[in-house]
Amino acid sequence: MVFWEGYVSDEVMGTFAPVVVYWVYGGFLQLLPPLDNYRLHTRREQEEKNLVSLSDVVKGVLFQQFVHAIVSLFMLTLAANGSGVIEQPSLPIQILQIIIAMFVLDTCQYFVHRYMHQNKFLYRHVHSQHHRLLVPYAIGALYNHPLEGLLDILGGAISYLVSGMTARTAVVFYCFSVIKTIDDHCGLWLPGNLFHLFFENNTAYHDIHHQLQGFKYNYSQPFFPIWDKLLGTFMPYRLVKRPEGGFEARPAKEQVQKS
């Protein structure tokens, strides 16, 4: 039993809940006080280095989410069991399905992301849009070219199908994936953040990728750095406290020397 049962279908919820979660969680992080003692970049860096305005980012994300909603709803409905009544698996099975989906999504994201960097045409015309945010922030997490957004949807659909999860379990998985992606881009190293405690692939890890020296490293997202480690694109980081407050994510010395 879930709170939306009897009001909207699991397919509709799986389409629109991640959008709501994106703006609620991303908006919350975006509207926090400056928190200069916990930022990975100063506010001045964010203003000077980013190549796109906040308003354009918001419009770009909204347009992408509109397209995503149409495609996602179609794909989830198509994949749904036509019997009308779907038996939900036990909680342990659902957790296992989510873990499988996490690994599958990571696999899709890694190879698409890496190829976007290696193919000059695709980088210039597609993926470079995301890297206009040299200093990432929360609501810019899904600021991508619409084509890249569609590829993200495809990765989510493959994760859904391979894991065998129901549309109801997919609501949880998609919302969790969105929250993790936002956190990876928020630019804040907040104390007690569970994502930083349990995931090596976190805010600082992905911040390295947005830096010039880490441009060809740390492609993995949004959960585990497994493929980076297996295929030689892993760049470990260290956090350095800035004298004026906050932190700076820097590539570990041994990786810089190796590069």
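User: How do the residues lining the largest pocket divide into nonpolar, polar and charged?

Analyst: There are 18 nonpolar, 17 polar and 3 charged residues in that lining. Ala, Val, Leu, Ile, Met, Phe, Trp, Tyr, Cys and Pro count as nonpolar, Asp, Glu, Lys and Arg as charged, and the others, Gly among them, as polar. Heads up: this is a predicted model, where local features need pLDDT of at least 70, side-chain atom pairs need 80 or more, and totals for chains, interfaces and linings use all residues. Residues are numbered from 1 along each chain, and side-chain values use heavy atoms, without hydrogens and water.

User: Which helices each supply at least two residues of that lining?

Analyst: H1 (10-30), H3 (54-79), H4 (91-118), H6 (146-163), H7 (167-185) and H9 (203-210) do. A helix here is a DSSP run (H or I, at least four residues), numbered from the N terminus.

User: What makes up the contact of H4 with H7, by class?

Analyst: Gln94, Gln97, Ile98, Ala101, Met102 and Leu105 in H4 meet Thr169, Val172, Phe173, Phe176 and Ser177 in H7, with contact meaning heavy atoms within 4.5 Å. By class, that's 7 nonpolar, 4 polar and no charged residues.
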